[in-house]
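Hi,

Here is the structure I said I would pass on.

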Amino acid sequence: MGRLIALSIVAACVYVQTLAHLPQWLDVLGLCLIVCSAWIFLYSCSGFTVIEKYSFAKQSVQYLNRAMILALVLTASLAWSTWRAQLRMSDQLSPEHENVVSRIQFEITGMVQDQGDSFRFEAEVLPHSQTGERLKGIPRHIQVVWRKPDAEHASLVILPGQIWRAALIFRQPRGALNPHGFDYEAHLLSRNIRAIGRVRGNPVLVTEIRMASLQVMVSRARQYLRQAMRKHVADMTFGAVLIALAIGDQDSVLAEHWEIFNKTGITHLVSISGSHVTMLAAFGGISMLWLWKRLRWRGRALAEHIPAKIVAGIAALSVAWLYCLLAGWGVPARRTFFMLLVSGLAMLVRLPISASSVLCLAAAVVTIIDPWSPLATGFWLSFGAVAVLFYVGSQAQLNAEGTLTFRVRWWIIFKESARLQWLITLAMLPALAYLFQQVSVTSPIANAVAIPVITFIVTPLALLMALTALIPGVEVLAGWIAWFAHWALDWTMVPVTWLAFVPGSSMSVAAMPVWCLLLSLIGIVWALQPPGIPERWVGWTLLLPALTWQPQTLSAGAWQLTALDVGQGGAIIVRTQRHSLVFDVGPRLGVSDAGQRVVSPALRALGVRHINALIISHPDIDHAGGLPGLLREMPVSLAYASFNLEHLLNHTQSVLKLPAPIVRPDEVLMCQAGVSWIWDGVTFTFLHPVTNTKDEGASMVKHMSKKKVKTNAHSCVLHIQGKHHSALLPGDIGNRQEKELLGHVRADVALVAHHGSATSSSESFISQLGARHAIAQVGYLNRFSHPAPQVEQRWKALQTIFWRTDRDGAVTAESSNTGLTIFSQAQERKRYWHDRN
């Protein structure tokens with residue numbers, strides 16, 4: 001019953017996080033009180049003589065009583081989660097303070113992260129020193145982005161606990177909404193970040209240090225520890241990984257290292273996990289157990305007053321709690337701590353409790369404290385992996401029982417550990433495929449290589465290095481420990497890196513429906529039954545639908561177009577019955593590009609394994625910036641461009657200083673008016689540019705940064721004509737190029753040229769095009785003010801439905817014999833935290 005109660009608490013929290021609109025928590029609380037009253041009435045009726053007389057009636061009342069208890073817990077959890085959500089949502093940025101300068105006073109509450117050209121940290125808005133009140137309409141918890149100061153203020157040190165007075169420009173937390181993509185707004189909500197503020201001018205330091213809360217003290221300690229460790233690992237290749245292993249600070253880990261970890265499935269090893277917390281807790285408990293047995297008071301051992309096991313348990317929990325705080329209090333750390341807490345309390349009161357009960361109670365406590373924790377994929381992966389470990393590990397323990405020699409016992413432990421790792425890896429495949437549409441084929445081998453070294457050598461040395469880095473006078477020892485830890489990690493990463501990039505190292509799967517995941521979970525439970533159960537292998541076959549699922553194929557002459565939400569940039573995916581086309585690949589922002597972050601995951605979710613045709617309309621960074629990331633993730637058969645694509649790739653390689661050459665498409669051609677081809681009954685035709693040469697294209701790439709040529713005017717313009725409907729992708733052409741197309745094109749769906757710039761979308765062109773739907777790919781509050789209000793009004797004046805990716809997220813149009821269907825991700829994935837008005 002206890003496990004069902006705990007799971008009911010989790011289920012209610014999960015349900016609230018799937019709602020598009022929050023109910024009134026008082027209404028939910030009223031429902032809870034009604035259920036409570038019904039349960040009290042039922043409980044009082046259970047003592048009636050007529051019920052006591054008949055056993056079947058008594059048993060029915062008992063079952064109903066349990067059902068009412070579960071209903072009471074469920075409604076109470078719903079009321080709690082709803083109240084917490086409404087409380088957090090009420091603290092939001094008002095429209096009058098968005099995108100304008102606001103002068104406030106704030107305290108830094110989180111670690112300061114170095115983003116290269118700026119600093120980023122969490123802060124709390126403080127009341128005004130004179131009025132004693134916070135500025136109305138500005139939320140209390142914010143994230144601050146502060147561009148690095150100039151040379152005059154380069155020595156400035158920014159630390160948690162400092163209070164600053166500054167001018168900030170605020171924006172609502174806003175992230176991209178794409179099919180099966182990461183919900184950044186949910187991530188910020190779970191961290192209670194209700195606005196993003198960018199610093200303007202030079203802030204004034206009001207107070208150097210103010211330890212007003214536990215969060216500030218922990219953040220300051222973590223930053224001080226990170227700085228002490230960086231003195232020893234700053235020049236090491238995997239130095240940031242060692243810091244992440246010790247204190248959970250992952251923001252400094254290089255993107256190429258994350259790519260290796262993700263491709264080989266060893267991300268869990270370089271994050272703060274249960275093994276870290278358990279290792280330190282065990283060390284603290286054993287140390288206290290040894291010490292307490294030897295301490296005496298007035299001639300009597302302290303263990304005679306308080307049992308040593310109780311003191312050791314309290315010490316282990318204290319060490320675990322302190323380390324979880326220093327590690328950032330993430331979901332895996334919280335899960336481990338509360339599991340240890342439940343187990344420790346059960347031991348203190350001598351209450352027998354099963355491993356599954358401990359896991360369920362820990363999940364319930366985590367969701368009660370933080371109702372948004374189920375939004376993190378780490379919540380499900382962490383609890384899922386431990387559940388498999390408990391389920392299979394209990395069988396391994398039974399198999400290892402008996403009188404065995406030391407050597408045989410160690411061999412059994414090694415063999416069972418390897419078996420557990422393989423089973424956990426296989427058991428997690430459906431969940432990974434469902435969440436990320438990609439599974440690592442080499443994960444079992446990579447984990448077999450990395451787990452022993454990272455778990456038993458690198459991680460303990462990283463923790464020891466963190467400890468010695470704080471002790472004055474032992475800096476040399478800390479340096480030697482750091483060198484040895486990095487040496488072990490560096491050599492371990494040699495085979496792991498090879499496994500990451502070996503052909504076929506990972507397998508992409510299409511986004512599956514929920515029933516495929518549930519079927520695979522049933523199969524895993526059956527396959528992991530104890531030895532002796534007949535036909536256990538059948539369970540593994542139930543994983544096949546999840547790993548081989550393909551979305552419904554389009555009919556001949558039909559097409560599907562998805563305008564992705566990539567911010568201020570362009571990226572379109574077009575699919576026919578058996579072919580796929582990508583038109584532009586989005587922008588690049590620093591080391592991150594939309595090709596790898598947005599376009600490639602969207603293609604995998606659609607079941608696309610290779611791109612038949614890639615079109616880069618022009619070389620501007622908001623349309624071509626994601627090219628390296630996409631080519632690294634997805635093979636391309638044929639590429640079209642209005643410029644010399646090879647020249648652009650060489651230029652990008654030299655500017656970004658990429659470690660590996662950019663993969664080239666199999667064939668590259670110039671887009672030119674009149675070029676046409678037919679796929680599955682759908683005709684694709686270039687309408688612009690009229691003339692183009694590779695020499696002109698090379699000149700565009702060479703001088704585009706100096707604005708010596710107008711690359712927009714040379715954009716590829718693609719017309720798509722299906723059996724039932726048509727679409728137009730015009731790139732960034734302007735009014736002059738639109739005039740050249742007058743009389744030659746009509747379309748049912750049109751991408752708004754140049755993101756809705758005032759220099760495009762002329763009234764005559766819109767009228768002649770006759771589109772029923774227009775899609776503008778724009779960034780939220782972009783600095784160009786795209787789309788221009790007059791352009792949007794021109795489209796709407798002709799009864800055209802106007803879609804905007806900054807408001808609607810990714811927009812999908814599908815043409816079939818049943819009609820033209822168009823919908824947005826803001827409609828499909830609507831949650832209560834999505835403010836898209």
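What pLDDT does the protein chain average, and what share of the residues score at least 70? This is a predicted model, and its protein chain averages a pLDDT of 85, with 89% of the residues scoring at least 70. Two stretches call for a separate word. Over residues 397-402 the pLDDT stays under 50, and the model has three contacts for them beyond four places in sequence. Residues 703-709 are also below 50 in pLDDT, and this stretch has five contacts in the model beyond near neighbours in sequence.

The largest nonpolar core has 60 residues, and the members that touch the most others are V241, L242, F261, I266, L489 and M493. Helix α15 (residues 443-469) is the top contributor to this core, giving 10 residues. As for M493, leaving aside residues up to four places away in sequence, this residue touches F238, I260, F261 and I266. Another core, of 30 residues, lies apart from that one, and includes W559, F686, A727 and V749.

Helix α15 also packs against helix α7 (residues 239-247), at an angle of about 85° and with the axes 8 Å apart. Angles of 65 to 115 degrees count as roughly perpendicular, so α7 is roughly perpendicular to α15. On the α7 side the contact is made by L242, L245 and A246, and on the α15 side by I454, V458, T459, A462, L463, M465 and A466. By class, that contact has nine nonpolar residues, one polar and no charged ones.

Best wishes

How values were computed. Residues are numbered from 1 along each chain as its sequence is written. This is a predicted model: local features need pLDDT of at least 70, side-chain atom pairs count only at pLDDT 80 or more; totals for chains, interfaces and linings use all residues. Side-chain values use heavy atoms; hydrogens and water are left out. A nonpolar core is a set of buried Ala, Val, Leu, Ile, Met, Phe, Trp, Tyr and Cys residues joined through side-chain atoms within 4.5 Å. Buried means under 20% relative accessible area, exposed over 50%, partly exposed in between (1.4 Å probe, protein chains only). Helices (H or I, at least four residues) and strands (E, at least two) are DSSP runs, numbered from the N terminus. Contact means heavy atoms within 4.5 Å. pLDDT is the predictor's confidence in each residue, from 0 to 100. Axes are lines fitted to C-alpha atoms, for helices over the stretch in contact, and angles run from 0 to 180 degrees between N-to-C directions. Angles under 35 degrees count as roughly parallel, over 145 as roughly antiparallel, 65 to 115 as roughly perpendicular and the rest as oblique. Ala, Val, Leu, Ile, Met, Phe, Trp, Tyr, Cys and Pro count as nonpolar, Asp, Glu, Lys and Arg as charged, and the others, Gly among them, as polar.
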